[in-house]
Amino acid sequence: MELSHKAKLEDFKSVSPGRFRLSVNGGRPLTGEETLAVGSYNALLTSPILPGAGAYDAAAETFESSHDLFRAAFPRGFAWEVIRVYSGPPVITFKFRHWGHMDGPYKGHAPTGDKVEFYGVAVLKVDEQLRAEDVEVYYDPGELLGGLLKGPLLVPSAEEEDARQLGERLGEAAIVSASGAAPQSQACPFLASAKREE
């Protein structure tokens with residue numbers, strides 16, 4: 001909560017100043033300042049695979065844009081809860097669930113109203129005051145993003161629009177061909193002008 005709602009790391013009550021690190025799925029640990037600068041969504045969704053799949057590009061999102069994106073997709077909230085604790089301090093290992101109902105659009109995909117959720121495991125090392133020093137998070141981002149990309153596209157991409165137009169033209173050509181009628185001169189202006197010159 002503090003990562004999403006506090007602007008200065010020194011105002012955080014839950015982390016050890018200067019010692020906090022966050023790593024996701026074995027990736028490079030981010031310092032507290034780095035995590036705060038990019039935002040929690042970008043920190044959790046940094047992956048070389050996701051941008052190519054059109055699912056999420058942490059490098060293209062800012063702290064603000066990433067939060068706007070998920071607030072829009074989950075207008076009723078995106079809850080986070082601890083399901084089971086496996087070990088106590090100073091190294092706390094636990095299973096968590098992050099979930100919400102997709103009642104808003106996500107990256108051009110229509111809302112589905114479905115519950116979107118994912119589960120993960122985290123290892124949290126704390127200091128004597130129970131402030132986080134090191135957090136390792138492990139989860140499958142596909143569980144989250146698959147649910148968000150499930151809805152149909154609201155606006156077709158340029159490639160999809162080109163394919164639709166090509167399909168229409170091919171359909172018109174098939175009708176003309178089947179009817180035996182001469183093609184209209186506007187179908188191919190180069191061929192029409194060549195016929196006139198003969």
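1. **Ground rules.** Because the model is predicted, local features need pLDDT of at least 70 and side-chain atom pairs count only at pLDDT 80 or more, while totals for chains, interfaces and linings use all residues. Residues are numbered from 1 along each chain as its sequence is written, and side-chain values use heavy atoms, with hydrogens and water left out.

2. **The sheet.** Strands (E, at least two residues) and helices (H or I, at least four) are DSSP runs numbered from the N terminus, and two strands pair if DSSP finds at least two bridges between them.

3. Strand β1 (residues 21–24) pairs with β2 in the antiparallel sense, over two bridges. Here Arg21 stands opposite Thr31 in β2.

4. Strands β3 and β4 (residues 91–101) run antiparallel and are joined by seven bridges. A hairpin of three residues links β3 to β4. For a landmark, look for Val85, whose bridge partner in β4 is Phe94.

5. **The largest pocket.** How many residues line the largest pocket? The lining has 34 residues, and Met1, Leu3, Ser40, Trp80 and His98 lie nearest the centre. The pocket's volume is about 1100 Å³. Elements giving two or more residues to this lining are α1 (2–5), α3 (40–44), α4 (63–73), β3, β4, β5 and β6. By class, the lining has 25 nonpolar, seven polar and two charged residues. On a 1 Å grid over the protein atoms alone, a pocket is an open set of points with protein on both sides within 12 Å along at least five of seven lines; a cavity is a set where a 1.4 Å probe fits but cannot get out; lining residues have an atom within 4 Å of a point. Grid points are joined across faces, edges and corners, and a volume is the space filled by probe spheres set on the points.

6. **The cavity.** A search of the whole structure gives one cavity of 30 Å³ or more. About 50 Å³ of space lies in the largest cavity, and its lining residues are Tyr41, Leu44, Leu45, Phe78, His98, Phe118, Tyr139 and Leu144.

Methods: Ala, Val, Leu, Ile, Met, Phe, Trp, Tyr, Cys and Pro count as nonpolar, Asp, Glu, Lys and Arg as charged, and the others, Gly among them, as polar.
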